[in-house]
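Let's take a friendly walk through a protein together. Have a look at the structure below, and then we will go through its parts.

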Amino acid sequence: MRKGLFALAAVGLLATGGMAACGKDKSDDTGSGSGTKAGGKQVGIILPDTKSSQRWGTDDPKYLKAAFDAAGVSYDMQNAQGDKQQFQTIADSMISEGVKVLITVNLDSGTGAAVLAKAKQAGIATIDYDRLTLGGGANYYVSFDNVKVGQLQGQGLVDCLKAKNYTKPVVAELNGSPTDNNATLFAQGYDGVLNPLYTDGTLVKGPNRSVPDWDNATGGTYFEQMLTQNNKIKGVLAANDGLGNAVIEILKKQHLNGQVPVTGQDATVQGLQNILSGDQCMTVYKAIKKEADAASGLAISLAKGQKPTTATGTTTDPQSKATIPSVLLDPEAITKANVKDVIADGFVTKDAICTAALAKACTDAGIS
């Protein structure tokens with residue numbers, strides 16, 4: 001169709017989900033001022049790493065800690081630091097110490113499902129946080145509409161390419177980890193937007209790679225190879241801000257930053273700064289406090305022996321076909337025009353974003 005460079009048919013939304021894990025190197029935050037072991041704790045929380053996104057090291061722990069402290073519910077929060085064996089070891093310790101509720105963000109569905117099975121045998125309620133554990137059978141699932149996240153990324157890239165007035169631009173895709181179900185859902189969303197435009201010739205499909213473990217350094221290496229093989233790339237669908245920044249660093253070496261629209265996700269400080277500087281096209285803001293509050297609210301009810309009332313949605317596990325009571329939240333596309341909204345929401349501060357080098361860009365973006 002050349003039916004207008006960017007006329008898009010409405011894309012249906014699908015929902016599924018995931019799990020999460022956060023904390024510090026070994027044992028992060030423990031409730032009620034106790035030590036670093038799970039003994040006596042009501043809730044165990046396992047976060048995945050601190051490399052793939054700033055959220056797992058700073059944002060989620062902060063919001064979860066505040067919620068459990070306010071409710072007077074004791075907890076043990078640890079981070080597996082990307083180590084599947086450590087993930088299982090942490091879980092075994094929490095299970096043996098008798099937590100009533102286990103919140104996990106898996107590193108992959110295999111190890112995640114094994115942990116959930118052990119928790120179930122011990123009579124522990126389980127919550128998949130952010131990432132769905134395929135075949136895991138968690139009691140509850142809390143996440144965002146991850147297909148919609150991908151749709152926002154795809155449409156954002158389309159809009160940015162349109163603004164550049166490029167004709168039949170080549171688009172590269174740098175996907176998230178192939179073992180993360182969320183990455184599959186993001187791709188489902190953005191491919192639903194981009195594939196029809198590849199088919200009708202509005203866009204040209206370029207190289208496409210998935211990045212193991214969301215590793216930013218690997219993502220940068222992959223993109224450098226892509227650009228070497230095809231120097232006609234005019235747009236990059238990067239699945240999160242970390243990968244987006246890795247792409248931008250390679251573009252800077254070639255003096256192409258700002259000329260090649262790059263997407264992202266997570267509304268990180270770095271991602272928002274890249275948007276203000278003109279190097280990144282957009283990101284997706286997922287109000288992590290709302291997600292953390294939803295998961296902690298479920299856990300607090302379960303720990304107190306109450307029946308949760310907030311998981312009013314459902315998610316179908318594509319592997320087991322089981323229906324999981326869920327809380328699925330709406331994401332928001334962020335461009336230079338509404339970076340200020342993320343600051344107004346309290347997710348990041350003006351001081352963190354608006355360095356001296358970005359003072360004018362912040363003023364121009366209405367950040368005061």
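Which residue forms a disulfide with Cys 354? The partner is Cys 362, and their sulfur atoms are 2.1 Å apart; a disulfide here is a pair of cysteine sulfur atoms within 2.5 Å. Before going on, note that this is a predicted model, where local features need pLDDT of at least 70, side-chain atom pairs count only at pLDDT 80 or more, and totals for chains, interfaces and linings use all residues. Residues are numbered from 1 along each chain as its sequence is written, and side-chain values use heavy atoms, leaving out hydrogens and water.

The link of Cys 354 and Cys 362 is left-handed, with -100° about the S-S bond. Cys 362 is buried, with a relative accessible area of 2% (buried means under 20% relative accessible area, exposed over 50%, partly exposed in between, with a 1.4 Å probe and protein chains only).

The count comes to 2 disulfides. In the other bond, Cys 160 and Cys 281 have sulfur atoms 1.9 Å apart. The torsion about this S-S bond of Cys 160 and Cys 281 is about 80°, so the disulfide is right-handed.

Now turn to the largest nonpolar core, which has 50 residues. Such a core is a set of buried Ala, Val, Leu, Ile, Met, Phe, Trp, Tyr and Cys residues joined through side-chain atoms within 4.5 Å. Phe 68 is one of the members that touch the most others. Its contacts (heavy atoms within 4.5 Å), not counting residues up to four places away in sequence, include Val 43, Tyr 75 and Ile 300.
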